[in-house]
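Welcome! Let's get to know this structure together, one question at a time.

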Amino acid sequence: MPSTARTAARDAEANPAFRGAARAGYAANGILHLLIGALVIAVGFGAREDSDQTGAFRAVAGAPWGAAALWALALGLVALGCWHVLQAFVPRRLSPLRRVGRIFAELPQGLVFLAIGVVSASVALGARPRAEQAAEDVSEGVLTWPIGGFVLGATGLAVAGVGIGFVWMGVRRSFRSKVRIPDGRHGVVLTALGVSGFLAKGVALIIVGVLLVIAAIRVEPDTAGGLDGAVTALVALPAGPLLVCLVGAGFLAYGVFTVLRARYAKLGA
């Protein structure tokens with residue numbers, strides 16, 4: 001990044017309003033996960049719902065003041081996305097290897113939050129997207145490429161790898177480096193929410209990755225999918241509804257943890 005651009009990025013990072021917007025973004029992300037958790041649990045009890053981000057946004061759209069809520073979520077998520085993009089390039093005194101690692105850790109997160117924010121805004125404007133169908137359509141298109149199976153399989157492995165990373169962060173409690181853990185019972189509760197939330201989200205992402213790999217091997221794009229497909233695959237297992245409810249409870253825990261992260265996050269850590 002050129003020095004002038006880096007200086008501008010650092011000035012933006014230090015701006016109190018931008019930092020406040022990033023904290024609001026954590027709250028928005030937490031609310032989104034609370035909605036997803038509720039939808040996942042509903043599916044565990046037999047409801048026919050899209051238990052992913054687009055399903056959550058459509059549920060909000062149907063509520064009173066839904067459009068305003070969607071715009072608020074969109075603004076928060078876009079702000080959080082911009083924050084993560086800045087964090088990929090702003091830190092000083094990093095070795096070349098650590099800087100590359102920082103970019104790979106922060107930039108994808110930022111782009112994902114930006115994309116989800118755009119989806120929230122599109123639903124506020126009247127669109128009714130379905131992430132599951134979109135994932136299947138994209139997978140079908142990729143599989144028409146000469147190396148489409150390899151690309152889709154590699155994507156699945158990458159998604160599963162991210163899921164394993166979430167599980168590892170939950171088991172090792174390494175998320176504590178990003179959050180100021182308060183003393184006493186509040187700290188114990190916040191840590192417990194983080195552990196269960198990171199484990200549940202990691203399991204869901206691992207299943208999504210496995211489904212993509214299966215779709216690549218079998219050349220069956222209908223097998224690929226997002227979170228909703230992962231929940232559908234999980235509910236079909238023995239004791240599947242119970243497992244789905246546990247995952248949904250984990251998403252609720254992750255949502256509460258992320259809402260609290262709006263207060264306790266170590267911005268720039």
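Q: Is Glu 106 buried or exposed?
A: A quick note before we start: this is a predicted model. The relative accessible area of Glu 106 is 6%, and a residue counts as buried when that value is under 20%. Glu 106 is therefore buried.

Q: With which residue does Glu 106 form a salt bridge?
A: A search of the whole structure finds one salt bridge. The pair links distant parts of the chain, with Glu 106 in helix α5 and its partner in the loop between α7 and α8, 72 residues apart. The closest N and O atoms are 3.9 Å apart, and the cut-off for a salt bridge is 4 Å. The partner of Glu 106 is Lys 178.

Q: What is the relative accessible area of Lys 178?
A: Buried residues lie under 20% and exposed ones over 50%, with partly exposed ones in between. Lys 178 belongs to the partly exposed group, because its relative accessible area is 25%.

Q: Which element gives the most residues to the largest nonpolar core?
A: The largest nonpolar core has 43 residues, and Ile 36 and Phe 57 have the most contacts inside it. Several elements give two or more residues to this core, including α3 (53-61), α4 (66-89), α5 (96-124) and α8 (184-218). The one that gives the most, with 10 residues, is α2.

Q: Is Ser 120 buried or exposed?
A: Ser 120 is found in helix α5. Leaving aside neighbours within four places in sequence, Ser 120 is in contact with Phe 57, Leu 70, Leu 73 and Ala 74. Its relative accessible area is 0%, so Ser 120 is buried.

Q: How are the rings of Phe 175 and Phe 198 arranged?
A: Phe 175 is in the loop between α7 (148-172) and α8, while Phe 198 is in helix α8, 23 residues apart. Both are buried. Their ring centres are 5.2 Å apart and their planes are at 5°, and planes under 30 degrees apart count as stacked. The pair is therefore stacked.

Q: How are the rings of Phe 175 and Phe 257 arranged?
A: This pair also links distant parts of the chain, since Phe 257 is in helix α10, 82 residues from Phe 175. Both Phe 175 and Phe 257 are buried. The ring centres are 5.2 Å apart with planes at 80°, so the pair is edge-to-face.

Q: Which residues do ring pairs link into a cluster?
A: The count of aromatic pairs comes to eight. Through ring pairs, the residues linked into a cluster are Phe 166, Phe 175, Phe 198, Tyr 254 and Phe 257.

Q: Which residues make the nonpolar surface patch of about 370 Å²?
A: One member, Leu 237, has its place in the loop between α9 and α10. Leu 237 is partly exposed, with a relative accessible area of 43%, and patch residues need over 30%. The patch of about 370 Å² is made by Leu 237, Leu 242, Leu 243 and Leu 246.

How values were computed
Residues are numbered from 1 along each chain as its sequence is written. This is a predicted model: local features need pLDDT of at least 70, side-chain atom pairs count only at pLDDT 80 or more; totals for chains, interfaces and linings use all residues. Side-chain values use heavy atoms; hydrogens and water are left out. A nonpolar core is a set of buried Ala, Val, Leu, Ile, Met, Phe, Trp, Tyr and Cys residues joined through side-chain atoms within 4.5 Å. Buried means under 20% relative accessible area, exposed over 50%, partly exposed in between (1.4 Å probe, protein chains only). Helices (H or I, at least four residues) and strands (E, at least two) are DSSP runs, numbered from the N terminus. Patches are made of residues with over 30% relative accessible area and no salt bridge: like charges are joined within 9 Å, nonpolar side chains (Val, Leu, Ile, Met, Phe, Trp, Tyr) within 5 Å. Accessible areas come from the Shrake-Rupley method with a 1.4 Å probe; for residues, only the protein chains shown count as cover. A salt bridge is a side-chain nitrogen of Lys or Arg within 4 Å of a carboxyl oxygen of Asp or Glu. Rings of Phe, Tyr and Trp (its six-membered ring) pair if their centres lie within 6.5 Å; planes under 30 degrees apart count as stacked, over 60 as edge-to-face and the rest as tilted. Contact means heavy atoms within 4.5 Å.
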